[in-house]
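The questions below are meant for someone meeting this structure for the first time.

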Amino acid sequence: MNLRILLTLHGLVTLAAGVVLIIAPGLVPSAVGVRITPDAYLVCYLLGAAELAVAFLSFAARTLRQPEGTRLVVWTMIVFHGGTAVVETYAFTRGVHAGIWANVALRLAVIALFTHYGLRQKAPS
């Protein structure tokens with residue numbers, strides 16, 4: 001694996017998450033026992049739009065040739081997933097189902113991958 005492949009996989013997964021959050025807004029939250037009523041779908045739509053933007057950034061970053069730009073994208077992904085892991089942990093303390101820990105673990109793994117392939121490896125030239 002390299003950073004380009006990681007960005008491609010990340011883009012595909014976040015694109016899928018964004019589409020699902022928009023098309024079936026209750027599906028993702030229900031996986032951790034959270035019920036979203038139709039009048040609260042806007043929150044899922046906004047999160048879905050954010051996921052689409054992150055997917056776009058992942059796909060666009062595959063062609064960057066400037067090391068500073070590549071590092072900025074990598075740090076953005078680390079901050080995005082780190083921040084999300086923190087708020088998911090907070091949600092657990094507020095009563096969200098323990099199934100949320102699987103998502104926290106996944107985010108920590110993504111952070112480790114971006115750290116390894118994006119910060120510890122030489123940027124693509």
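A residue is called buried when its relative accessible area is under 20% and exposed when that area is over 50%, with partly exposed in between. The model discussed here is a predicted one.

Q: What share of the 125 residues of the chain counts as buried?
A: The accessible surface of the chain comes to about 7,600 Å², and 71% of that surface belongs to carbon and sulfur atoms. Of the 125 residues, the share that counts as buried is 30%.

Q: Which pattern does the chain follow when read along the sequence?
A: The secondary structure of the chain comes to 5 helices, with 0 strands. Read along the sequence, these elements give the pattern α-α-α-α-α.

Q: What is the radius of gyration of the chain, and what does the globule rule give for 125 residues?
A: The chain follows the pattern α-α-α-α-α. For 125 residues the globule rule gives 14 Å, and the chain comes close to this value, so it is as compact as a globular protein of that length; its radius of gyration is 15 Å.

Q: What part of the contacts in the chain with a separation of 6 or more comes from residues 24 or more positions apart?
A: A contact requires heavy atoms within 4.5 Å of each other. Among the contacts with a separation of 6 or more, residues 24 or more positions apart account for 70%.

Q: How far apart are the end C-alpha atoms of helix α4?
A: Helix α4 runs over residues 67-93, which makes 27 residues, and at 1.5 Å a residue these should span 39 Å. The span in the model agrees with that expectation, because the end C-alpha atoms of α4 are 39 Å apart.

Q: Which helices do the buried residues of α4 pack against?
A: The buried residues of α4 are T70, V73, V74, M77, I78, H81, T84, A85 and E88. An α-helix has 3.6 residues a turn, so residues three or four places apart point the same way. The buried residues of α4 pack against α1 (3-23), α3 (41-61) and α5 (100-120).

Q: Is E88 buried or exposed?
A: E88 is found in helix α4, and, not counting residues up to four places away in sequence, E88 touches I100, N103, V104 and R107. Its relative accessible area is 10%, and the cut-off for burial is under 20%, so E88 is buried.

Q: Is H10 buried or exposed?
A: H10 has its place in helix α1. Leaving out residues up to four places away in sequence, H10 touches V54, S58, M77, H81, V110 and F114. Because its relative accessibility is 7%, H10 counts as buried.

Q: Is G95 buried or exposed?
A: G95 lies in the loop between α4 and α5, and just after α4 this residue takes a positive phi of about 115 degrees. G95 and V34 are 61 residues apart in sequence, while their C-alpha atoms are 9.6 Å apart in space. With a relative accessibility of 62%, G95 counts as exposed.

Q: What covers the buried residues of α5?
A: The 21 residues of α5 should span 30 Å at 1.5 Å a residue, and this agrees with its end C-alpha atoms being 29 Å apart. Among the buried residues of α5 are I100, V104, R107, V110 and F114. What covers the buried residues of α5 includes α1, α3 and α4.

Technical notes:
Residues numbered from 1 in each chain as written. Predicted model: local features only at pLDDT ≥ 70, side-chain atom pairs only at ≥ 80, totals over all residues. Heavy atoms only, no water. Helix = DSSP H or I, 4+ residues; strand = E, 2+ residues; numbered from the N terminus. Expected span 1.5 Å × (residues − 1). Buried < 20%, exposed > 50% of the residue type's maximum accessible area, 1.4 Å probe, protein only. Rg over C-alpha atoms; globule rule 2.2 N^0.38 Å. Areas by Shrake-Rupley, 256 points an atom, 1.4 Å probe, with all protein chains shown as cover.
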